Amino acid sequence: MEPTGSHPVRVTRTELSDGRELLYFDDQPSFVSGELTRELKDSRELPPAQTQSEMRQDPLTGQWYAYAAHRMNRTFMPPANENPLAPTKPGELPTEIPADDYNVVVFENRFPSLSLHMADPAALEGWEDGFALSSRRAAAGRCEVICFTPDVSQSFKDVGFHRARTVVEAWAHRTAELSALEGVEHVYPFENRGEEIGVTLQHPHGQIYAYPFVPPRAAEVAARVRAHREQHGTDLFDDLLAEERRVGERIVAEGEHFTAVVPVAAKWPVEVMLMPHRAVPNFAELTDPEKDELTRMYLDLLAQIDRFFDGVDKTPYIASWNQAPVNAPQDGRLYLQLFSMMRSAGRMKFLAGSESGMGAWISDTTPERIAARFREIA
(Lines give C-alpha, C1' and ligand atoms only; values in the text may rest on other atoms or scores of the structure.)
Protein backbone atom coordinates (compact mmCIF):
# COMPACT_ATOMS: atom_id res chain seq x y z
CA MET A 1 0.00 0.00 0.00
CA GLU A 2 1.23 3.48 -0.83
CA PRO A 3 0.15 6.05 1.81
CA THR A 4 -2.15 8.83 0.63
CA GLY A 5 -2.93 10.94 3.72
CA SER A 6 -6.40 11.24 5.20
CA HIS A 7 -8.11 9.47 2.27
CA PRO A 8 -6.64 5.94 2.39
CA VAL A 9 -6.05 4.40 -1.03
CA ARG A 10 -4.26 1.18 -1.88
CA VAL A 11 -2.20 1.39 -5.06
CA THR A 12 -1.54 -1.95 -6.78
CA ARG A 13 0.71 -2.20 -9.82
CA THR A 14 0.83 -4.73 -12.60
CA GLU A 15 1.81 -5.03 -16.25
CA LEU A 16 -0.50 -5.80 -19.14
CA SER A 17 0.53 -8.57 -21.51
CA ASP A 18 2.19 -6.15 -23.93
CA GLY A 19 4.36 -4.53 -21.22
CA ARG A 20 2.27 -1.45 -20.47
CA GLU A 21 1.84 -0.51 -16.80
CA LEU A 22 -1.53 -0.58 -15.00
CA LEU A 23 -2.32 0.70 -11.49
CA TYR A 24 -5.41 0.06 -9.38
CA PHE A 25 -6.41 2.80 -6.93
CA ASP A 26 -8.71 1.14 -4.36
CA ASP A 27 -10.56 3.03 -1.65
CA GLN A 28 -12.78 0.22 -0.29
CA PRO A 29 -11.69 -0.83 3.23
CA SER A 30 -11.32 -4.52 2.33
CA PHE A 31 -8.84 -3.60 -0.42
CA VAL A 32 -7.08 -0.85 1.54
CA SER A 33 -6.42 -3.36 4.33
CA GLY A 34 -5.12 -5.98 1.92
CA GLU A 35 -7.89 -8.43 2.78
CA LEU A 36 -8.93 -8.50 -0.89
CA THR A 37 -6.81 -8.02 -4.01
CA ARG A 38 -7.42 -7.33 -7.69
CA GLU A 39 -6.69 -9.64 -10.61
CA LEU A 40 -3.23 -8.77 -11.94
CA LYS A 41 -2.78 -11.18 -14.86
CA ASP A 42 -3.79 -9.99 -18.32
CA SER A 43 -5.12 -13.08 -20.14
CA ARG A 44 -4.74 -11.56 -23.61
CA GLU A 45 -1.84 -12.36 -25.91
CA LEU A 46 -0.83 -8.95 -27.21
CA PRO A 47 2.32 -8.12 -29.17
CA PRO A 48 4.84 -5.99 -27.23
CA ALA A 49 3.85 -2.34 -27.01
CA GLN A 50 5.89 -0.40 -29.53
CA THR A 51 5.38 2.95 -31.25
CA GLN A 52 7.37 5.30 -33.43
CA SER A 53 5.86 8.65 -32.44
CA GLU A 54 7.87 11.69 -33.45
CA MET A 55 7.82 15.45 -32.88
CA ARG A 56 8.60 18.25 -35.30
CA GLN A 57 9.12 21.93 -34.52
CA ASP A 58 7.31 24.49 -36.66
CA PRO A 59 10.05 26.80 -38.01
CA LEU A 60 7.60 29.77 -38.11
CA THR A 61 6.14 29.56 -34.58
CA GLY A 62 8.62 27.39 -32.69
CA GLN A 63 5.81 25.13 -31.47
CA TRP A 64 6.20 21.36 -31.28
CA TYR A 65 3.71 19.01 -32.96
CA ALA A 66 3.49 15.25 -32.38
CA TYR A 67 2.95 12.69 -35.15
CA ALA A 68 1.58 9.26 -34.22
CA ALA A 69 0.44 7.42 -37.35
CA HIS A 70 -0.42 4.26 -35.37
CA ARG A 71 -3.39 6.09 -33.84
CA MET A 72 -5.28 6.02 -37.14
CA ASN A 73 -6.59 2.54 -36.27
CA ARG A 74 -7.40 3.10 -32.60
CA THR A 75 -10.66 1.88 -31.10
CA PHE A 76 -13.67 3.99 -32.13
CA MET A 77 -17.13 3.76 -30.49
CA PRO A 78 -17.11 -0.02 -29.95
CA PRO A 79 -20.32 -1.95 -29.12
CA ALA A 80 -21.15 -2.36 -25.43
CA ASN A 81 -19.74 -5.90 -25.24
CA GLU A 82 -16.37 -4.69 -26.55
CA ASN A 83 -15.85 -1.73 -24.21
CA PRO A 84 -12.08 -1.81 -23.53
CA LEU A 85 -12.41 0.28 -20.33
CA ALA A 86 -14.92 -2.00 -18.62
CA PRO A 87 -13.85 -4.64 -16.08
CA THR A 88 -13.14 -8.10 -17.48
CA LYS A 89 -16.17 -10.26 -16.72
CA PRO A 90 -16.19 -14.10 -16.77
CA GLY A 91 -17.29 -15.45 -20.15
CA GLU A 92 -16.87 -12.10 -21.89
CA LEU A 93 -14.09 -10.63 -24.00
CA PRO A 94 -11.08 -9.57 -21.88
CA THR A 95 -10.54 -5.81 -21.69
CA GLU A 96 -7.69 -3.48 -20.82
CA ILE A 97 -8.51 -4.08 -17.14
CA PRO A 98 -7.96 -7.70 -15.92
CA ALA A 99 -10.08 -7.36 -12.75
CA ASP A 100 -13.82 -8.08 -12.75
CA ASP A 101 -14.39 -4.79 -10.88
CA TYR A 102 -12.40 -1.72 -9.87
CA ASN A 103 -12.64 1.61 -8.07
CA VAL A 104 -10.28 3.80 -10.10
CA VAL A 105 -7.69 2.47 -12.52
CA VAL A 106 -4.85 4.05 -14.51
CA PHE A 107 -2.93 2.44 -17.36
CA GLU A 108 -0.71 3.38 -20.26
CA ASN A 109 -2.68 4.15 -23.40
CA ARG A 110 -2.59 1.39 -26.02
CA PHE A 111 -2.58 4.02 -28.79
CA PRO A 112 -0.42 6.81 -27.32
CA SER A 113 0.62 10.07 -28.92
CA LEU A 114 3.70 10.12 -26.67
CA SER A 115 5.48 6.95 -25.62
CA LEU A 116 8.56 5.47 -23.99
CA HIS A 117 8.00 2.15 -25.78
CA MET A 118 10.15 2.79 -28.83
CA ALA A 119 12.39 0.33 -30.62
CA ASP A 120 14.85 2.95 -31.83
CA PRO A 121 14.15 6.52 -30.66
CA ALA A 122 17.54 7.64 -31.97
CA ALA A 123 16.31 6.95 -35.51
CA LEU A 124 13.83 9.81 -35.07
CA GLU A 125 16.51 12.37 -34.18
CA GLY A 126 17.23 14.93 -36.88
CA TRP A 127 16.54 14.84 -40.59
CA GLU A 128 18.04 12.38 -43.05
CA ASP A 129 18.00 15.09 -45.71
CA GLY A 130 19.61 17.60 -43.36
CA PHE A 131 16.66 20.03 -43.31
CA ALA A 132 18.08 23.00 -41.39
CA LEU A 133 15.11 25.05 -40.20
CA SER A 134 13.20 22.53 -38.07
CA SER A 135 14.12 20.16 -35.26
CA ARG A 136 12.88 16.58 -35.17
CA ARG A 137 13.00 14.05 -32.33
CA ALA A 138 11.23 11.11 -30.76
CA ALA A 139 7.97 11.96 -28.97
CA ALA A 140 9.32 10.39 -25.79
CA GLY A 141 6.68 10.90 -23.12
CA ARG A 142 3.76 9.00 -21.64
CA CYS A 143 0.00 8.96 -22.20
CA GLU A 144 -2.18 7.36 -19.55
CA VAL A 145 -5.89 6.57 -19.34
CA ILE A 146 -7.70 7.03 -16.02
CA CYS A 147 -11.07 5.30 -15.56
CA PHE A 148 -13.24 7.03 -12.96
CA THR A 149 -15.77 4.21 -12.47
CA PRO A 150 -16.53 0.73 -13.86
CA ASP A 151 -20.11 1.87 -14.60
CA VAL A 152 -20.40 2.98 -18.24
CA SER A 153 -23.75 4.70 -17.53
CA GLN A 154 -22.21 7.22 -15.12
CA SER A 155 -20.36 10.49 -15.59
CA PHE A 156 -17.75 11.93 -13.24
CA LYS A 157 -20.41 13.99 -11.47
CA ASP A 158 -22.30 10.79 -10.59
CA VAL A 159 -19.51 8.90 -8.77
CA GLY A 160 -19.98 10.65 -5.41
CA PHE A 161 -17.53 12.48 -3.17
CA HIS A 162 -15.61 9.42 -1.90
CA ARG A 163 -14.79 8.06 -5.34
CA ALA A 164 -14.09 11.51 -6.80
CA ARG A 165 -11.67 12.08 -3.92
CA THR A 166 -9.88 8.87 -4.96
CA VAL A 167 -9.53 10.27 -8.46
CA VAL A 168 -7.89 13.38 -6.99
CA GLU A 169 -5.44 11.10 -5.15
CA ALA A 170 -4.74 9.30 -8.42
CA TRP A 171 -4.07 12.62 -10.18
CA ALA A 172 -1.66 13.61 -7.41
CA HIS A 173 0.09 10.23 -7.48
CA ARG A 174 0.51 10.22 -11.25
CA THR A 175 1.63 13.87 -11.35
CA ALA A 176 4.42 13.09 -8.88
CA GLU A 177 5.60 9.96 -10.68
CA LEU A 178 5.35 11.28 -14.21
CA SER A 179 7.13 14.51 -13.26
CA ALA A 180 10.07 12.40 -12.10
CA LEU A 181 10.51 10.69 -15.49
CA GLU A 182 13.58 11.77 -17.40
CA GLY A 183 12.75 14.33 -20.06
CA VAL A 184 9.20 15.10 -18.89
CA GLU A 185 8.59 18.85 -18.71
CA HIS A 186 4.84 19.09 -18.17
CA VAL A 187 2.05 16.84 -16.80
CA TYR A 188 -1.50 17.44 -17.95
CA PRO A 189 -4.60 15.61 -16.63
CA PHE A 190 -7.80 16.20 -18.60
CA GLU A 191 -11.19 14.77 -19.48
CA ASN A 192 -13.10 15.02 -22.77
CA ARG A 193 -16.81 14.26 -22.51
CA GLY A 194 -19.29 14.02 -25.38
CA GLU A 195 -19.37 12.78 -28.96
CA GLU A 196 -19.70 16.41 -30.05
CA ILE A 197 -16.05 17.02 -29.20
CA GLY A 198 -14.71 13.79 -30.69
CA VAL A 199 -14.79 11.30 -27.81
CA THR A 200 -14.09 7.80 -29.19
CA LEU A 201 -15.06 5.82 -26.06
CA GLN A 202 -18.22 6.54 -24.08
CA HIS A 203 -16.90 5.04 -20.83
CA PRO A 204 -16.30 7.77 -18.18
CA HIS A 205 -12.57 8.30 -18.29
CA GLY A 206 -9.88 10.92 -18.58
CA GLN A 207 -6.29 11.05 -19.72
CA ILE A 208 -2.94 12.18 -18.35
CA TYR A 209 -0.22 13.37 -20.73
CA ALA A 210 3.43 13.66 -19.73
CA TYR A 211 4.94 15.96 -22.36
CA PRO A 212 8.66 16.14 -23.27
CA PHE A 213 8.14 19.89 -23.78
CA VAL A 214 6.07 22.67 -22.21
CA PRO A 215 2.93 22.97 -24.38
CA PRO A 216 2.01 26.39 -25.80
CA ARG A 217 -0.61 27.49 -23.24
CA ALA A 218 1.53 26.53 -20.26
CA ALA A 219 4.55 28.25 -21.85
CA GLU A 220 2.57 31.43 -22.49
CA VAL A 221 1.24 31.49 -18.91
CA ALA A 222 4.74 30.90 -17.52
CA ALA A 223 6.12 33.79 -19.55
CA ARG A 224 3.36 36.12 -18.30
CA VAL A 225 3.95 35.02 -14.69
CA ARG A 226 7.68 35.72 -14.96
CA ALA A 227 7.13 39.11 -16.60
CA HIS A 228 4.54 40.12 -13.96
CA ARG A 229 6.89 39.09 -11.13
CA GLU A 230 9.78 41.05 -12.64
CA GLN A 231 7.68 44.15 -13.25
CA HIS A 232 5.52 44.20 -10.09
CA GLY A 233 7.31 41.92 -7.63
CA THR A 234 4.06 40.01 -7.00
CA ASP A 235 2.42 36.78 -8.14
CA LEU A 236 0.12 37.10 -11.15
CA PHE A 237 -2.34 34.49 -9.85
CA ASP A 238 -2.59 36.20 -6.45
CA ASP A 239 -3.22 39.55 -8.09
CA LEU A 240 -5.75 38.04 -10.49
CA LEU A 241 -7.77 36.46 -7.66
CA ALA A 242 -7.64 39.67 -5.62
CA GLU A 243 -8.91 41.73 -8.56
CA GLU A 244 -11.73 39.27 -9.35
CA ARG A 245 -12.81 39.33 -5.69
CA ARG A 246 -12.75 43.14 -5.70
CA VAL A 247 -15.00 43.29 -8.77
CA GLY A 248 -17.10 40.27 -7.79
CA GLU A 249 -19.17 40.11 -10.97
CA ARG A 250 -17.52 36.98 -12.38
CA ILE A 251 -17.19 35.03 -9.10
CA VAL A 252 -19.21 31.79 -9.15
CA ALA A 253 -18.31 30.29 -5.76
CA GLU A 254 -15.77 30.87 -2.99
CA GLY A 255 -14.38 28.37 -0.52
CA GLU A 256 -11.70 28.44 2.14
CA HIS A 257 -9.01 27.18 -0.26
CA PHE A 258 -10.44 27.66 -3.79
CA THR A 259 -12.41 30.17 -5.84
CA ALA A 260 -14.51 29.39 -8.91
CA VAL A 261 -14.55 32.29 -11.35
CA VAL A 262 -15.36 32.88 -15.01
CA PRO A 263 -12.16 34.24 -16.64
CA VAL A 264 -12.29 37.92 -17.53
CA ALA A 265 -11.33 36.93 -21.10
CA ALA A 266 -13.22 33.63 -21.33
CA LYS A 267 -12.91 32.14 -24.82
CA TRP A 268 -15.64 29.51 -24.80
CA PRO A 269 -19.45 29.87 -24.63
CA VAL A 270 -19.33 28.13 -21.22
CA GLU A 271 -16.14 28.45 -19.18
CA VAL A 272 -15.19 28.55 -15.52
CA MET A 273 -11.89 28.34 -13.61
CA LEU A 274 -11.29 26.71 -10.21
CA MET A 275 -8.14 28.14 -8.67
CA PRO A 276 -6.39 27.56 -5.31
CA HIS A 277 -5.80 30.56 -3.07
CA ARG A 278 -2.17 29.67 -2.41
CA ALA A 279 0.67 29.14 -4.86
CA VAL A 280 0.40 25.37 -5.32
CA PRO A 281 2.01 24.22 -8.59
CA ASN A 282 0.31 20.84 -9.04
CA PHE A 283 -1.93 18.13 -7.58
CA ALA A 284 0.95 16.49 -5.73
CA GLU A 285 1.49 19.60 -3.59
CA LEU A 286 -2.12 19.93 -2.34
CA THR A 287 -2.90 19.39 1.33
CA ASP A 288 -5.66 17.00 2.38
CA PRO A 289 -8.10 19.83 3.28
CA GLU A 290 -7.42 21.41 -0.12
CA LYS A 291 -8.07 18.10 -1.88
CA ASP A 292 -11.35 17.71 0.01
CA GLU A 293 -12.60 21.17 -0.95
CA LEU A 294 -11.40 20.85 -4.54
CA THR A 295 -13.36 17.60 -4.87
CA ARG A 296 -16.58 19.13 -3.52
CA MET A 297 -16.35 22.28 -5.62
CA TYR A 298 -15.44 20.35 -8.77
CA LEU A 299 -18.46 18.06 -8.39
CA ASP A 300 -20.66 21.14 -7.93
CA LEU A 301 -19.33 22.69 -11.15
CA LEU A 302 -19.85 19.47 -13.10
CA ALA A 303 -23.46 19.31 -11.90
CA GLN A 304 -23.98 22.95 -12.86
CA ILE A 305 -22.56 22.59 -16.36
CA ASP A 306 -25.16 19.87 -17.03
CA ARG A 307 -27.89 22.35 -16.05
CA PHE A 308 -26.44 25.25 -18.02
CA PHE A 309 -28.66 24.81 -21.08
CA ASP A 310 -32.38 24.18 -20.77
CA GLY A 311 -33.25 20.88 -22.43
CA VAL A 312 -29.66 19.54 -22.38
CA ASP A 313 -28.98 16.84 -19.79
CA LYS A 314 -25.37 16.08 -20.70
CA THR A 315 -23.38 19.10 -21.83
CA PRO A 316 -20.22 18.19 -23.75
CA TYR A 317 -17.17 19.56 -21.95
CA ILE A 318 -13.41 19.51 -21.53
CA ALA A 319 -12.00 19.52 -18.00
CA SER A 320 -8.48 20.88 -18.40
CA TRP A 321 -6.24 20.72 -15.31
CA ASN A 322 -3.45 23.25 -15.79
CA GLN A 323 -0.27 22.62 -13.79
CA ALA A 324 3.06 24.43 -13.56
CA PRO A 325 5.99 23.33 -15.75
CA VAL A 326 7.93 20.53 -14.04
CA ASN A 327 11.22 22.45 -14.08
CA ALA A 328 9.73 25.86 -13.24
CA PRO A 329 7.07 25.35 -10.54
CA GLN A 330 7.27 29.03 -9.59
CA ASP A 331 6.01 29.98 -13.06
CA GLY A 332 2.60 28.38 -12.86
CA ARG A 333 -0.20 27.19 -10.61
CA LEU A 334 -2.65 24.33 -10.51
CA TYR A 335 -6.07 25.40 -11.75
CA LEU A 336 -9.01 23.94 -13.63
CA GLN A 337 -10.42 25.24 -16.88
CA LEU A 338 -13.84 23.66 -17.35
CA PHE A 339 -15.38 24.64 -20.67
CA SER A 340 -17.88 23.61 -23.33
CA MET A 341 -18.05 24.32 -27.05
CA MET A 342 -21.86 24.30 -26.89
CA ARG A 343 -23.14 27.85 -27.51
CA SER A 344 -26.85 27.11 -27.09
CA ALA A 345 -28.98 24.00 -26.64
CA GLY A 346 -27.92 21.55 -29.36
CA ARG A 347 -25.67 24.06 -31.16
CA MET A 348 -21.89 23.90 -31.09
CA LYS A 349 -19.33 26.65 -31.62
CA PHE A 350 -17.11 25.66 -34.53
CA LEU A 351 -13.70 27.23 -34.98
CA ALA A 352 -13.74 29.00 -38.32
CA GLY A 353 -11.17 31.15 -40.09
CA SER A 354 -10.40 33.73 -37.41
CA GLU A 355 -10.03 31.19 -34.59
CA SER A 356 -8.47 28.26 -36.48
CA GLY A 357 -6.39 30.23 -38.96
CA MET A 358 -5.21 33.17 -36.87
CA GLY A 359 -5.97 32.17 -33.27
CA ALA A 360 -7.97 35.40 -32.99
CA TRP A 361 -10.94 34.50 -30.82
CA ILE A 362 -14.47 35.85 -31.30
CA SER A 363 -17.01 35.00 -28.59
CA ASP A 364 -20.78 34.86 -28.94
CA THR A 365 -21.40 35.79 -25.29
CA THR A 366 -19.67 37.64 -22.44
CA PRO A 367 -17.90 36.33 -19.32
CA GLU A 368 -20.35 38.26 -17.13
CA ARG A 369 -23.37 36.52 -18.70
CA ILE A 370 -21.67 33.13 -18.24
CA ALA A 371 -21.02 33.86 -14.55
CA ALA A 372 -24.59 35.04 -14.00
CA ARG A 373 -25.91 31.79 -15.46
CA PHE A 374 -23.62 29.68 -13.23
CA ARG A 375 -24.85 31.56 -10.13
CA GLU A 376 -28.46 31.18 -11.27
CA ILE A 377 -28.23 27.37 -11.47
CA ALA A 378 -25.89 26.86 -8.47
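The following legends describe close-up views of a predicted model.

View 1. Eleven strands form an open sheet with antiparallel pairing, in the order S1-S2-S5-S7-S9-S8-S13-S14-S12-S11-S10. At its edges lie strand S1 (10–15) and strand S10 (251–254), each of which pairs on one side only. On average, neighbouring strands of this sheet are turned by 15° against each other, direction ignored.

**View 2. Strands S8 and S9.** Strand S8 (residues 186–193) and strand S9 (residues 205–211) run antiparallel and are joined by five bridges. Within this pair, Val187 stands opposite Ala210 in S9.

**View 3. Helix H4 on the sheet.** Helix H4 (residues 236–247) packs on the sheet, where the helix touches S10, strand S11 (258–261), strand S12 (270–276) and strand S14 (335–340). The direction of H4 makes about 120° with that of S12.

**View 4. The nonpolar cores.** The largest nonpolar core has 58 residues, of which Phe156 and Trp171 touch the most other members. Leaving aside residues up to four places away in sequence, the contacts of Phe156 include Phe148, Ala164, Val167, Trp171 and Tyr317. A second, separate core has twelve residues, among them Leu16, Ala99, Val105 and Val145.

**View 5. Cys143 and Cys147.** The count of disulfides comes to zero. Cys143 is in no disulfide, and the nearest cysteine sulfur, that of Cys147, is 15 Å away. Because a disulfide needs sulfur atoms within 2.5 Å, the sulfur of Cys147 is too far from that of Cys143 for a bond. Cys143 counts as buried, at 2% relative accessibility, and Cys147 also counts as buried, at 0%.

Methods. Residues are numbered from 1 along each chain as its sequence is written. This is a predicted model: local features need pLDDT of at least 70, side-chain atom pairs count only at pLDDT 80 or more; totals for chains, interfaces and linings use all residues. Side-chain values use heavy atoms; hydrogens and water are left out. A nonpolar core is a set of buried Ala, Val, Leu, Ile, Met, Phe, Trp, Tyr and Cys residues joined through side-chain atoms within 4.5 Å. Buried means under 20% relative accessible area, exposed over 50%, partly exposed in between (1.4 Å probe, protein chains only). Contact means heavy atoms within 4.5 Å. Two strands pair if DSSP finds at least two bridges between them. Helices (H or I, at least four residues) and strands (E, at least two) are DSSP runs, numbered from the N terminus. Axes are lines fitted to C-alpha atoms, for helices over the stretch in contact, and angles run from 0 to 180 degrees between N-to-C directions.
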